[in-house]
Amino acid sequence: MVGDDRSAPVPSAPDRSASSYSVVIPVYNSQDVVGATIDRVVEVFESAGLRYQVVLVNDGSRDGSWDVIAERARTSPHVVALDLLRNYGQHHANVAGMRETTGDYVITLDDDLQNPPDQALLLIDKAMEGHDVVFGRFERKQARGYRRLGSKAISLVNRRVFDQPPGLAVSNFRILRRDVVERICGSRTAHPYITGQALMFSSNPADVLVRHDPRPVGTSNYGLRRIASLVLAILFSYSVFPLRLAAGVGFAVAGGSFLLGLFYLVRSLFVDSTVPGWTTIAVLLAVMNGFVIMLLSMLGEYVVRTLNAVSVVTTYHVARRVSS
């Protein structure tokens with residue numbers, strides 16, 4: 001009615017109890033803490049009255065982690081345990097777990113209680129505002145100095161390769177809507193990287209402030225070597241930056257070689273060479289090496305594009321599956 005000053009009702013956010021949730025936990029050498037992690041996850045979701053599923057993926061642990069999670073899977077109707085054939089890495093384990101999930105939303109967290117399960121409710125509430133991906137922004141990350149430096153390096157790579165929005169914090173503690181999960185699971189890549197793929201396959205990412213607790217038992221399995229390996233995998237699997245950098249250096253060397261060859265050619269015309277034939281050899285080597293560097297750089301560009309096109313879908317193998 002014209003002149004009616006009554007404001008339209010503001011639509012409320014969807015109720016989190018209307019959706020189902022799958023929690024994916026990669027497990028690696030954590031027999032002393034993974035049982036407590038499972039108990040905490042179950043307690044949080046049971047107390048909140050939410051429909052849930054817990055998918056535990058043993059990523060080639062060398063201790064008794066598989067025995068712990070397999071026993072929980074046998075006795076709990078909400079728990080599924082997968083045993084990978086060998087250690088493939090955290091991101092492969094996450095993909096394996098995601099393909100087992102059935103929930104409307106998928107939450108990924110670590111097996112060491114540094115991502116407190118009760119904080120997952122904050123991720124859920126933020127996702128209910130309409131976000132298809134929500135990352136946990138840690139108040140203060142409980143990690144060693146080299147881990148924090150590694151996280152900053154990976155963040156720089158994320159911003160360059162995956163166009164991570166300014167001000168958005170990313171982490172392995174996240175919730176993804178089902179459509180984003182399906183895109184990640186259907187992606188053809190030999191080197192999955194869940195954080196980057198979540199950024200690639202989402203349209204409305206966000207973050208929320210969460211707590212990060214100290215690890216109660218043992219030490220982190222992510223050392224400098226694993227961090228460096230992850231950075232290189234991201235660069236070489238999702239970006240042509242290394243190749244274009246090499247191509248740029250190649251063209252610079254080629255240009256310098258051409259100039260050097262031209263210099264010796266002109267010099268030989270006006271100044272007698274002390275060594276007969278030296279100028280010819282120097283010019284030919286400079287020009288040929290320059291061409292070789294340029295050709296190798298261009299071939300590398302084609303190789304990486306071909307590799308990305310023919311990458312296998314299955315990059316891991318499940319040896320055993322246990323559920324009630």
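Reader: Before we start, what does contact mean here?
Author: Contact means heavy atoms within 4.5 Å. Keep in mind that this is a predicted model.

Reader: Good. Then Q197: which residues does it touch, leaving out those up to four places away in sequence?
Author: Q197 touches I184, S187, T189, P192 and Y238.

Reader: Where does Q197 lie?
Author: In helix α7, residues 194–200.

Reader: Is Q197 buried or exposed?
Author: Buried. Its relative accessible area is 1%, and the cut-off for buried is under 20%.

Reader: Zoom out. How many helices and strands does the protein have?
Author: The secondary structure comes to 10 helices and 8 strands.

Reader: And what share of the residues is buried?
Author: 47% of the 324 residues.

Reader: Contacts next. Of those between residues at least 6 apart in sequence, what share joins residues at least 24 apart?
Author: That share is 84%.

Reader: How do β1 and β2 pair?
Author: In the parallel sense, over 8 bridges. Strand β1 spans residues 20–27. P26 stands opposite V57 in β2.

Reader: What does the chain pass through from β1 to β2?
Author: Helix α1, residues 34–47. This β-α-β crossover is right-handed.

Reader: What about β2 and β3? How many bridges?
Author: 5 bridges, and the two strands run parallel. Strand β3 covers residues 79–84. V57 turns up again here, with L82 as its bridge partner in β3.

Reader: Which helix goes with β2 and β3 in a β-α-β unit?
Author: Helix α2, residues 65–75. That unit is right-handed too.

Reader: Switch to β5. How many bridges join it to β7, and in what sense?
Author: 6 bridges, parallel. Strand β7 is residues 205–210. V133 of the pairing stands opposite P205 in β7.

Reader: And to β6? What sense there?
Author: Antiparallel, with 3 bridges. Strand β6 is residues 174–177. V133 has L176 as its bridge partner in β6.

Reader: How many residues of β5 are buried?
Author: 5 of 6, over residues 133–138.

Reader: What does R74 pair with?
Author: E71, in a salt bridge at 3.6 Å, N to O. Both sit in helix α2, and because they are 3 residues apart, about one helical turn separates them. R74 is partly exposed at 47% relative accessible area, and E71 is partly exposed at 40%.

Reader: Which residue forms a salt bridge with R321?
Author: E100, with the closest N and O atoms 2.6 Å apart. R321 lies in strand β8, residues 318–323, and E100 in the loop between α3 and β4, so the pair ties together parts that are 221 residues apart in sequence. R321 is partly exposed, at 47% relative accessible area.

Reader: Which residues are linked in a network of salt bridges?
Author: R40, D118, R211 and D213.

Reader: Last topic, the nonpolar surface patch. Which residues make it?
Author: L262, L265, V266, L269, F270 and V271, over about 620 Å².

Reader: Where is F270 found, and is it buried or exposed?
Author: F270 is found in helix α9, residues 241–270. F270 is exposed, with a relative accessible area of 70%. The cut-off for exposed is over 50%.

Methods
Residues numbered from 1 in each chain as written. Predicted model: local features only at pLDDT ≥ 70, side-chain atom pairs only at ≥ 80, totals over all residues. Heavy atoms only, no water. Helix = DSSP H or I, 4+ residues; strand = E, 2+ residues; numbered from the N terminus. Buried < 20%, exposed > 50% of the residue type's maximum accessible area, 1.4 Å probe, protein only. Pairing = 2+ DSSP bridges. Right-handed = clockwise from strand over helix to strand, strands pointing away. Patch = residues over 30% accessible without salt bridge, like charges linked within 9 Å, V, L, I, M, F, W, Y side chains within 5 Å. Areas by Shrake-Rupley, 256 points an atom, 1.4 Å probe, with all protein chains shown as cover. Salt bridge = Lys/Arg side-chain N within 4 Å of Asp/Glu carboxyl O.
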